[in-house]
Amino acid sequence: MRIAIHEDLMHLYENPIGNACSVRQGDVFVSIGGKRPDGFCESAWKSLEEFVVPLSMGQGDFYDGWMRNPLSAMVSCNDGFRPVSFLLEALEEDGT
């Protein structure tokens, strides 16, 4: 995953806020049964959920071959000031 920070846009348009995002590069979250993981940002989850749920059911191949691995997706949260790109991958039940 990657986190982009657009400080110029934040300076121009954002009201100062205490903690907008607690995700750090390298964090790993596991969704069990397509459910939002504990501690995962609810707003970001809304952007990812439409991909996580099908992946949790063994579905994939989004947009007819968009990803090299059909059981994956690269999706960003919708925070325009600090978008976080997440690599979503389906795991086997044993976590592999």
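**View 1. The side chains of Glu 14 and Arg 82 are joined by a polar contact of 2.8 Å.** A polar contact here is a pair of N or O atoms within 3.5 Å; within protein, one must be able to donate a hydrogen and the other to accept it, and residues adjacent in sequence count only if both atoms are side-chain atoms. This is a predicted model, in which local features need pLDDT of at least 70, side-chain atom pairs count only at pLDDT 80 or more, and totals for chains, interfaces and linings use all residues. Residues are numbered from 1 along each chain as its sequence is written, and side-chain values use heavy atoms, with hydrogens and water left out.

View 2. Leaving aside residues up to four places away in sequence, Glu 14 touches Leu 9, Phe 81 and Arg 82 (contact means heavy atoms within 4.5 Å).

**View 3. Two helices and three strands make up the elements of the protein.** Starting at the N terminus, their order is β-α-α-β-β. Helices (H or I, at least four residues) and strands (E, at least two) are DSSP runs, numbered from the N terminus.

**View 4. Strands β1 and β2 mark the two ends of the confidence range among the elements.** Strand β1 (residues 2–3) has the lowest mean pLDDT, 88, while strand β2 (residues 72–76) has the highest, 96. The pLDDT is the predictor's confidence in each residue, from 0 to 100. Across the protein the average is 90, and 97% of the residues score at least 70.
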